[in-house]
Amino acid sequence: MRASARIATATAAAALLIGCVSGPAASKPEPSQAEGEKVLVFSKTAGFRHDSIPDGIAAVKDLGAANGFTVDATEDAGAFTASNLAQYDAVIWLSTTGDVLNAEQQTAFEGYIKKGGGYVGVHAAADTEYDWPFYGGLAGAYFQSHPAIQPAKVEVEDHAHPSTEHLPGIWDRTDEWYNYRSNPRDRARVLASLDESSYTGGTMSGDHPIAWCQDYQGGRSFYTGGGHTKESFADPAYRTHLLGGIRWATGAAQADCRAEKGYTPIFDGTAASLDGWKQAGPGSFELNEADGTLTTVGGMGMLWYDGAKELGSYSLKLDWRMDGDDNSGIFVGFPASDDPWSAVNNGYEIQIDATDVPEKTTGSVYGFKSADLKKRDKALNPPGEWNTYELRVEGERLRVYLNGVKINDFTNKDPARSLKDGHIGIQNHGADDQVSFRDIRVKDLPARTASGVGR
């Protein structure tokens, strides 16, 4: 049953609220496009051979046929030449084991990654090429050991990545759960981790990543520890997980894969996490605890965070999704008030809008500075898919990152406004606009020095 709750609507407010100069636009979901990418599945083994490899190859081919990308499969290491690899958007290492490439082939693959190629590692890809440091860094961690196949709880840490956006907060599944020789958290974005208390044989001291992604030496790397069993490749949730990793690795979908540590959740998808939030103006947000989202409904207004203190030097991250041509935004640097116009007149809005003029569309500091449109367009996922903003405020400087790419750099010079302290809020724009938010988190940054140079 769908769990939902309506945040109470405050009374009294203005008829219009920023991001609002143009009238509200009705949601018009856009049809998905065939990506047209091409991937190579590589499944050579020089050690243990998984009997699920044929099922994995068949699953990837099915996914390609259904989602518009071409799939070749090989166990011939001779395919690893610069000229041959150049035709592929990603190479999927499907439960490879041992030393599978010679030195010349390794050099070709390194060059492929450095030119922007994609890597997808599945399960025993972490049990491969132990004497090749480049590969170890690309995969993110090497295999150490595993207990027996058994059920476990997978804790999803990132719901904006296309490989995990469909998953619940806790994903119950059965597989062979690898322990790794090192923890990739300091260098990669951990997408999901194992609850070691939910099964026996975990050896990573309670911090046990099982899926992650990273930008690596010019290319993209996605790894998932799942996929030992034949049943994995028949499981719709796992197949969608794998598809999302492939789409990100090929560049068909965007996500922030920078390592992330030290953030405090201020909205984690639960009703309890809304205790520090207040609604200003009409309209409201609908909470869906089943998927951890807040979605705009009703008229215009703003939900703002009235935490223990005003924010000064900080990094704010949140995930957002438009249904179609919708309108919303995130406000920063405004004083506490039940009047949403206070945020308009004293703070700044980072816009979410597909079709307005440059200084009033996605990534802009609304009405003040357009995003770098080329970088924005390359980093942006289309309506219906999740995006991640990082708003990095240091002194009077505000930088906007979209899916890990810096798209705006703005410095406040208006003496009537200040970014040095204030609150943050998310906008509900109008009854015809549907924008969803989730996983709102914040991290304090070192205070800027008197010279204005941050650490």
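This is a predicted model: local features need pLDDT of at least 70, side-chain atom pairs count only at pLDDT 80 or more; totals for chains, interfaces and linings use all residues.
Residues are numbered from 1 along each chain as its sequence is written, and side-chain values use heavy atoms, without hydrogens and water. Local features need pLDDT of at least 70 and side-chain atom pairs count only at pLDDT 80 or more, while totals for chains, interfaces and linings use all residues.

**Exercise 1.** State the chain's average pLDDT and describe residues 449-455.

*Solution.* Step 1: the chain average is 90, and 90% of the residues score at least 70. Step 2: over residues 449-455 pLDDT stays under 50, and the model has 3 contacts beyond four places in sequence for them.

**Exercise 2.** Give the strand order of the open sheet that holds 5 strands, and explain what is left open at its edges.

*Solution.* Step 1: the order is S14-S17-S24-S19-S20, with antiparallel pairing. Strands (E, at least two residues) and helices (H or I, at least four) are DSSP runs numbered from the N terminus; two strands pair if DSSP finds at least two bridges between them. Step 2: S14 (277-280) and S20 (348-353) stand at the edges with a single partner strand each, so one side of each has no neighbour in the sheet. Step 3: inside the sheet, S19 (residues 327-334) pairs with S24 (residues 423-428) over 4 bridges, and Val332 stands opposite Ile424 in S24.

**Exercise 3.** Describe the largest pocket by volume and lining.

*Solution.* Step 1: a pocket is an open set of points on a 1 Å grid over the protein atoms alone, with protein on both sides within 12 Å along at least five of seven lines; a cavity is a set where a 1.4 Å probe fits but cannot get out, and lining residues have an atom within 4 Å of a point. Step 2: the largest pocket holds about 610 Å³, a volume being the space filled by probe spheres set on points joined across faces, edges and corners. Step 3: of its 28 lining residues, Val156, Glu157, His159, Asp268 and Asp439 lie nearest the centre. S25 gives the largest share, 4 residues.

**Exercise 4.** How many cavities of 30 Å³ or more does the whole structure have, and what lines the largest?

*Solution.* Step 1: the search finds 3. Step 3: its lining includes Trp171, Arg173, Trp177 and His241.

Methods
pLDDT is the predictor's confidence in each residue, from 0 to 100. Contact means heavy atoms within 4.5 Å.
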